[in-house]
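This report is for a reader meeting the structure for the first time.

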Amino acid sequence: KSGLSSNATAPRLKANPDFPLRGLVVCVCGKKLTGSWHKGRNKKYSYYHCNNQGCEHYVQHIKTGELREKFLELLNKITPKEKYLNLFRAVIVDTWNNRRVAVQQEGQNYERELKKLESQKEKLLSMRMNSEISKEEFLELKEKLENQIIGLQMSRNEAKIEEFDIETAISYAIQFMKNIARQWQDLDDIKQKQRLQKMVLPEGIIYDRNTKNFGTAVLSPVFRLFEDSTITKSHLVAGEGFAPPTSWFWLLAAITGSVGLSH
């Protein structure tokens, strides 16, 4: 064990830019690594370590620079190859265009049905004004029509697709995935960096201090997709073994929106 002082000299912030991997990297005992600064003879040093007293690695220090370099190696290792990113682009564009046409048609159908109901509502009002139906019948039929109109309006609104520049979004997402290690390294905002980490490794990742290596990573769907060297466009279109292409749009949103990257 290190002979350095175990007295932390920096406050344990939940999102401390000095320790971006805290909360993501897990010790072999299952405990998440923490981080702190320690005083040496002439300067301070930063380390990650396990605080589980029952662990063989309890307070055994891992240099922050060492873990950082290992993490960058991991990100480079899982970076998708160009040919798979091109497949991803093709399938997303095709799926988006097909879905957009279907939804637009669906929206037009709802509009036609709404016009019919509005016409019936006007006719009903005319019948009441001409005393062709009683007040009670009018109110009953009017309520029924209005409920149908509200239901169709909700369905129409759900069918609408907001204007979205899919090509720009995909280009941005692919550029992001091609340079995931650099993106992580260049981010100054600790919260953005941690969101990026969780987006790539949603379940965290184990680090073994003895071997100085990470364990097998549970990747997010989009990165897991590119692990299969036999994947083809037909597999992606069919969603074989993966989420269907229509569910991948949230990945674009995650990359282009919630992470908030701009590199």
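## Salt bridges

The side chains of E69 and R68 form a salt bridge, with 2.8 Å from N to O. The term salt bridge is used here for a side-chain nitrogen of Lys or Arg within 4 Å of a carboxyl oxygen of Asp or Glu. E69 is partly exposed at 40% relative accessibility, and R68 is partly exposed as well, with a relative accessible area of 31%. Buried stands for under 20% relative accessible area, exposed for over 50%, and partly exposed for values in between (1.4 Å probe, protein chains only). The structure has six salt bridges.

R182 and D186 are another such pair, with 2.4 Å from N to O. Because they are four residues apart in helix α5, about one helical turn separates R182 and D186. R182 is exposed at 52% relative accessibility, whereas D186 is partly exposed, with a relative accessible area of 26%. Elsewhere, salt bridges with shared partners link K121, K142 and E146 into one network. Within it, K142 and E146 meet at 2.8 Å, N to O. K142 and E146 are four residues apart in helix α3 (residues 135-159), and therefore about one helical turn lies between them. K142 has a relative accessible area of 27% and is partly exposed; E146 is partly exposed at 25%.

## Basis of the model

This is a predicted model, in which local features need pLDDT of at least 70 and side-chain atom pairs count only at pLDDT 80 or more, while totals for chains, interfaces and linings use all residues. Residues are numbered from 1 along each chain as its sequence is written, and side-chain values use heavy atoms, with hydrogens and water left out.

## Nonpolar cores

The largest nonpolar core contains 41 residues, and L67, F71 and L201 have the most contacts inside it. A nonpolar core is a set of buried Ala, Val, Leu, Ile, Met, Phe, Trp, Tyr and Cys residues joined through side-chain atoms within 4.5 Å. Two or more residues of this core come from each of α1 (64-78), α2 (82-129), α4 (166-178), α5 (180-186), α6 (190-200), β5 (205-208) and α7 (221-225). With six residues, α1 gives the most. Helices (H or I, at least four residues) and strands (E, at least two) are DSSP runs, numbered from the N terminus.

F71 is in contact (heavy atoms within 4.5 Å) with L21, L24, W184, Q197, L201 and F214, leaving out residues up to four places away in sequence. A second, separate core has eight residues, among them L114, L124, L145 and I149.

## Helix α6

Helix α6 is largely enclosed by the rest of the structure, because eight of its 11 residues are buried. The buried residues in α6 are I190, Q192, K193, Q194, L196, Q197, M199 and V200.

## H38 in strand β2

H38 lies in strand β2 (residues 34-39). H38 is buried, with a relative accessible area of 1%. Its side chain makes a polar contact with the side chain of S36 at 2.8 Å. A polar contact is a pair of N or O atoms within 3.5 Å; within protein, one must be able to donate a hydrogen and the other to accept it, and residues adjacent in sequence count only if both atoms are side-chain atoms.
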